[in-house]
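Biologist: I'm new to reading protein models. Could you walk me through one, feature by feature?

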Amino acid sequence: GAFNSTPKIGPVVINEIMYHPIMDDTAFEYIELLNISDETWDISGWVIDGVNYTNPPGTVIAPGEFLVVCADHVAISNAYGIANVAGDWSGALQNGGERIDLTTDEGAVIDSVQYNDKEPWPVGADGYGPSMERLRPAEDGDTYINWGASSMGTGWQHIAVTQSVTSAGTEVLRFWLDHEGKCYIDDVSLQPLGGGSELISN
C-alpha cells in the first residue's frame, strides 16, 4: 500500500509554553499561539484544554501573527511589553508536565502537545527562566524533538569563579547562595594545586 500521509499541522499551533516561570508565580504563565497559514483565522470559541480557557468572540489571528494567552494579561503585558495578550484563564499549567490541546468550538483538535519537565524535554524551561519554544512551527509539536528552551533574556547573570581549596580529607564539593534565588552550575573544574589531571567529569 501507499505510505501514510504526514499529519496536518495548523493552521494555528501552540508555539511557546511558559509553564514554570522563574518567579514561581502562576500569574506569569502563558501559552503563545501562532498562525502558520496564509489566511486570517477567527478562533472565537476555540478552547485551550488544561487551563480552562475559551477564546472570546472576535478573537482573530492574521497570517504569521502571535497571540499570547495567559493567566494574568496585565502581568504579562507589563513584564514583556507586548500588546497581543488575551486572558485571563482560570486554570494553571502543571510544572511536572501535562497535555495541552487546542480545539475548535466544534471539538476538533487543531494542535496538541504533551510536555514534560524531564529529559529529553528541555529542562531549562522548568523554573530556570526560559520558556519552552517550538523549534519548527510547521512540524509536529507533540514530540520533544521539536521543542527547546528559549534564548530570551531572563535577567540572569553569568559569573565565573576560580578558587583554591585547601581542605583535605573530603570528597564533597558544596555550593551556597547567599540569598534566595536559583542558580545553574556548569563547567566545574577541580585540579590539584600546581597542575594535574582533572578530578571532576562535567
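**A buried loop residue**

Modeller: Let's start with Asn55, which sits in the loop between β5 (53-54) and β6 (60-61). Keep in mind that this is a predicted model: local features need pLDDT of at least 70, side-chain atom pairs count only at pLDDT 80 or more, and totals for chains, interfaces and linings use all residues. Residues are numbered from 1 along each chain as its sequence is written, and side-chain values use heavy atoms, with hydrogens and water left out.

Biologist: Which residues is Asn55 in contact with?

Modeller: Contact means heavy atoms within 4.5 Å. Leaving aside neighbours within four places in sequence, Asn55 is in contact with Ile43, Ser44, Gly45, Trp46, Leu67 and Val69.

Biologist: Now the sheet. In what order do the strands come?

Modeller: Two strands pair if DSSP finds at least two bridges between them. Here 6 strands make an open sheet, ordered β8-β7-β2-β1-β11-β12, with mixed pairing. β8 (85-86) and β12 (147-149) are at the edges with a single partner strand each, so one side of each has no neighbour in the sheet.

Biologist: How many bridges join β1 to β2?

Modeller: There are 6 bridges between β1 (residues 12-18) and β2 (residues 30-35), and the two strands run antiparallel. Ile17, for example, stands opposite Ile31 in β2.

Biologist: What about the loop between β1 and β2?

Modeller: His20 lies there, and this residue is buried, at 11% relative accessible area. His20 and Asp126 are 106 residues apart in sequence, yet their C-alpha atoms are 5.4 Å apart in space. Their side chains are joined by a polar contact of 2.6 Å. A polar contact is a pair of N or O atoms within 3.5 Å; within protein, one must be able to donate a hydrogen and the other to accept it, and residues adjacent in sequence count only if both atoms are side-chain atoms.

Biologist: Which polar partners does the side chain of Arg134 have?

Modeller: Arg134 is in strand β11 (residues 132-134) and is buried, at 5% relative accessibility. Its side chain reaches the backbone oxygen of Ile14 at 3.0 Å and makes a polar contact with the side chain of Asp111 (2.7 Å).

Biologist: And how many salt bridges are there?

Modeller: Side chains of opposite charge can pair when their charged atoms come close. A salt bridge is a side-chain nitrogen of Lys or Arg within 4 Å of a carboxyl oxygen of Asp or Glu. The structure has 4 of them. One of them joins the side chains of Arg99 and Asp142 (3.2 Å, N to O). Arg99 is in strand β9 (residues 99-103) and Asp142 in the loop between β11 and β12, so this pair ties together parts 43 residues apart in sequence. Arg99 is partly exposed at 35%, and Asp142 is partly exposed at 31%.

Key
Helix = DSSP H or I, 4+ residues; strand = E, 2+ residues; numbered from the N terminus. Buried < 20%, exposed > 50% of the residue type's maximum accessible area, 1.4 Å probe, protein only.
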